[in-house]
Amino acid sequence: MPPIRTLLLLVPALACMSPTPLPDRPADITGVVTNIQPGATPDRPGAVRIEANPDETSGSPKMVLAVTRETRVMHRPSGGEPRAIEKDALRVGDRVEAWVTGPVQESYPSRATAETIVVLGDPVP
């Protein structure tokens, strides 16, 4: 195979392996996944509840985030770069950072749509 053709085949493969950038602002919440509700259909989003301190019944940040087709779910191992993972890889007990998109309902817990969810460290088995 000619060298140019080989290079053209490798570039897309290497692009898939590169880290995916995170939003360029602080996460809207960092905490523990305490509940996951799968979507009923591909068009009806599921939801994930994230709590900064699950042991507190009130006072600490808590959010219920809709997980849509557009939501990016990633994993960042300790000291590593974030990589895309499947949405169904999220587990109750995972420590995560999350960014939202669109309006946030000022309820308790707050409700919004997840833009990006990053599992930190080793995922819960």
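Arg 49, Glu 51 and Lys 62 are linked in a network of salt bridges, a salt bridge being a side-chain nitrogen of Lys or Arg within 4 Å of a carboxyl oxygen of Asp or Glu. The model is predicted, with local features requiring pLDDT of at least 70 and side-chain atom pairs counting only at pLDDT 80 or more, while totals for chains, interfaces and linings use all residues. Residues are numbered from 1 along each chain as its sequence is written, and side-chain values use heavy atoms, with hydrogens and water left out.

Strands (E, at least two residues) and helices (H or I, at least four) are DSSP runs, numbered from the N terminus. Both Lys 62 and Glu 51 are buried, the latter with a relative accessible area of 9%, whereas Arg 49 is partly exposed at 27%. Buried means under 20% relative accessible area, exposed over 50%, and partly exposed in between (1.4 Å probe, protein chains only).

The structure holds four salt bridges. One of them joins Glu 97 and Arg 76, with an N to O distance of 2.7 Å. Because Glu 97 lies in strand 6 and Arg 76 in strand 4, this pair ties together parts that are 21 residues apart in sequence. Glu 97 is buried at 17% relative accessible area, and Arg 76 is partly exposed at 23%.

The protein chain has one helix and seven strands, in the order α-β-β-β-β-β-β-β along the sequence. Strands count as paired if DSSP finds at least two bridges between them. Strand 1 pairs with strand 2 in the antiparallel sense over five bridges, and Ile 36 stands opposite Val 48 of strand 2. Strand 1 also runs antiparallel to strand 6, with four bridges; here Val 32 stands opposite Arg 95. Strand 4 (residues 72-76) is joined to strand 7 by five bridges in a parallel arrangement, and to strand 5 (residues 83-84) by two bridges in an antiparallel one. His 75 has Val 119 as its bridge partner in strand 7 and stands opposite Arg 83 in strand 5. Six residues separate strands 4 and 5 in a hairpin, where Gly 79 in the turn has a positive phi of about 75°. In the loop between strand 6 and strand 7 lies Pro 109, and the peptide bond to Pro 109 from Tyr 108 is cis, with omega near 5°.

The largest nonpolar core has 16 residues, and Val 48, Ile 50, Leu 65, Val 96 and Ile 117 have the most contacts inside it. Such a core is a set of buried Ala, Val, Leu, Ile, Met, Phe, Trp, Tyr and Cys residues joined through side-chain atoms within 4.5 Å. Strand 7 gives the most to this core, with four residues. Beyond its neighbours within four places in sequence, Ile 50 is in contact (heavy atoms within 4.5 Å) with residues including Val 33, Leu 65 and Val 96.

The average pLDDT, the predictor's confidence in each residue from 0 to 100, is 85 for the protein chain. Over residues 6-16 pLDDT stays under 50. Where pLDDT is low, the predicted coordinates should not be read in detail.
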